[in-house]
Amino acid sequence: MPETRILTQYRGEKDSHTLAHYKSKGGYEAAKKALSSMTSDQLVDEIKKSGLRGRGGAGFPTGMKWSFIDKKSTKPKYLVCNADEGEPGTFKDRVLLEELPHQMIEGMIIAAKAIDAHHAFIYIRGEYTTSINRVQAAVDEAYAAGLLGKNILGTGYDLEMALYQGAGAYICGEETALINSLEGRRGHPRLKPPFPAVAGLYNSPTVVNNVETFSAVPHIIQNGAEWYAKMGTPKSTGTRLFSVSGPVKKPGVYEITLGTPLMTLINELCGGMRDGKKLRGIIPGGSSVPILTAKECETANMDFESMADHKTMLGSGAVIVLAEDTDIVETTFRLAEFYAHESCGQCTPCREGTHWVAGLLHKIKDGHGTMKDLDLILSLSVNMEGGTTICPLADACVGAVRPTIQKFRSEFESRLVKENKHVA
Amino acid sequence: MSYQFSDVSEKRFQKLQTQFPDKRSLILPTLYLVQTDRGFVDTESMEYIASRIGSPIELSHVYGVASFYTMYNRKPVGKFHIQICENISCYIMGNDEVTNHLCKKFGIKKGETTKDNKFTVTGVQCLGACGYAPMMQINENYYENLTMEEVDKIINSLE
């Protein structure tokens with residue numbers, strides 16, 4: 001099965017990041033169409049009809065998100081691109097940022113018109129130096145070509161765009177934390193409501209979308225919602241970029257239509273397992289989502305519905321492959337430690353819970369844990385999920401740890417100290 | 001004389017001031033300007049940042065930000081700051097070997113700097129290079145799909 005390259009069609013071509021290349025492939029025609037002949041309501045409707053859902057992790061319908069902006073509000077409206085890719089296992093936005101930045105900028109111009117925003121910000125994770133340089137160069141090129149700034153392409157629409165470099169906090173991928181960070185604050189998620197559409201950046205109506213979401217927008221506007229919605233499944237339309245990592249023959253970023261079987265992605269596009277290793281399990285949507293066993297992988301398709309049927313999620317589209325020789329107790333500990341490190345510390349269940357889970361797993365992996373410790377992790381996890389915290393970071397930690405213990409419990413138990421070791 | 005922006009940073013600071021509706025937003029990018037100039041951000045430079053951004057921004061605001069985010073070095077690091085991902089995908093693909101190899105080569109522990117202040121080795125969280133492990137970041141550059149021979153070659157080429 002080949003990839004379905006819509007967003008990544010020109011990936012790998014020489015100078016694909018430049019304006020000259022992008023324009024030679026019909027770039028910015030969709031923006032021209034949107035600015036000169038479509039109303040903001042028409043744009044929102046078109047995106048709604050396309051069925052596009054957010055590509056950052058939560059999968060919220062994009063058109064609906066845009067429609068929440070109150071156009072009558074007298075406050076300025078802001079558009080923000082979330083390029084703070086940080087979910088472990090995820091490296092697909094990097095491709096779009098480094099190789100195809102103009103596609104994302106064009107999507108942002110269209111989105112800005114749809115919500116009547118005249119200021120847009122791109123929040124890029126601090127470590128992505130190449131992305132930052134490429135996007136900055138692309139924004140500069142767009143300004144010079146009259147595609148940003150005052151009176152874009154003579155349509156009378158104004159849009160200013162600026163980059164903002166994150167500084168190494170995973171939590172800033174959460175949109176309200178990102179907004180706080182963009183305001184020059186610590187990256188603490190905010191209580192919702194109010195939602196960003198009502199009171200976001202600088203207390204004004206704000207839309208935050210992922211890089212890949214914006215990058216899909218020009219294609220939908222240019223080719224029509226129906227064309228886009230024909231790809232994928234009825235509830236998961238279009239294509240998606242999946243980041244595949246772990247011991248497969250060809251790890252990397254692949255664009256496929258939603259609904260493609262997981263094992264087709266692994267066996268056909270990634271060439272199957274490396275060095276004849278046997279598959280142990282796959283985390284299908286970034287480190288925060290429940291793991292699938294090798295058997296569950298056989299029936300899982302890469303769409304929102306199939307993932308829900310398998311009690312997991314598509315998340316950020318990061319497919320992490322674990323082989324038979326992978327130490328699953330160690331990988332679970334590494335993830336728990338990550339969440340403990342990245343907890344912002346506002347909410348007790350997360351601040352304390354993630355550290356307890358990581359600490360207990362550390363004890364277990366080193367062979368000092370007891371059955372009581374293992375059960376304590378499970379009981380702690382109940383208090384960390386389901387709305388006890390402002391944002392879903394604690395839930396993410398639970399998603400990364402509990403299903404793994406439940407599905408691979410014998411592995412964890414085999415590392416426990418023998419109960420009678422300390423007796424006598 | 002105490003620290004002031006370099007000419008390049010001064011220019012960038014002037015531009016930044018035109019880009020954001022609220023001057024508080026300048027804290028993060030300005031911390032980067034200082035770090036580019038000096039390699040790290042200490043309390044004295046934070047005071048300078050607060051004074052340049054101006055009221056109502058105080059040292060406490062700047063310090064609060066600098067201490068929250070991991071990419072601001074509040075202490076000097078080696079000339080070459082080597083950061084190695086320890087998260088799941090990199091672990092599965094053997095990234096710990098890079099850490100161990102470098103620590104042994106330099107005779108330091110993870111988190112330490114060599115005596116000549118040339119190399120610092122730090123274990124970090126996901127860098128978004130999961131499909132290209134083993135990997136390491138040296139200052140601003142990513143090095144991916146590494147073997148230990150390549151690691152040696154890269155390190156030996158750094159002056």
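The model is predicted, so local features need pLDDT of at least 70 and side-chain atom pairs count only at pLDDT 80 or more, while totals for chains, interfaces and linings use all residues. Residues are numbered from 1 along each chain as its sequence is written, and chains are lettered from A and ligands numbered from 1 in the order in which they are written.

Chain A is assigned domain 1 (19-229), domain 2 (239-323) and domain 3 (328-413), with bounds that come from an automatic or database domain assignment. The centres of domain 2 and domain 3 of chain A, taken over C-alpha atoms, are 23 Å apart.

Strands (E, at least two residues) and helices (H or I, at least four) are DSSP runs, numbered from the N terminus. Tyr78(A), Val80(A) and Asn82(A) point one way from S1(A), whereas Leu79(A), Cys81(A) and Ala83(A) point the other way. S1(A) pairs (DSSP finds at least two bridges) with S2(A), residues 119-124, in the parallel sense over 6 bridges, and Val80(A) has Phe121(A) as its bridge partner there. S1(A) also pairs in the parallel sense with S4(A), residues 206-210, over 5 bridges, where Asn210(A) is the partner of Asn82(A).

Between the chains, 32 residues of chain B are in contact with 43 residues of chain A, contact being C-beta atoms, placed from the backbone, within 7 Å. Helices H2 (27-38), H4 (59-68) and H5 (88-92) of chain B each supply at least two residues of the side that touches chain A.

Conventions. Two residues are in contact if their C-beta atoms, placed from the backbone, lie within 7 Å. A residue is buried if 20 or more other C-beta atoms lie within 10 Å of its own, exposed if 12 or fewer, and partly exposed in between; C-beta atoms are placed from the backbone.
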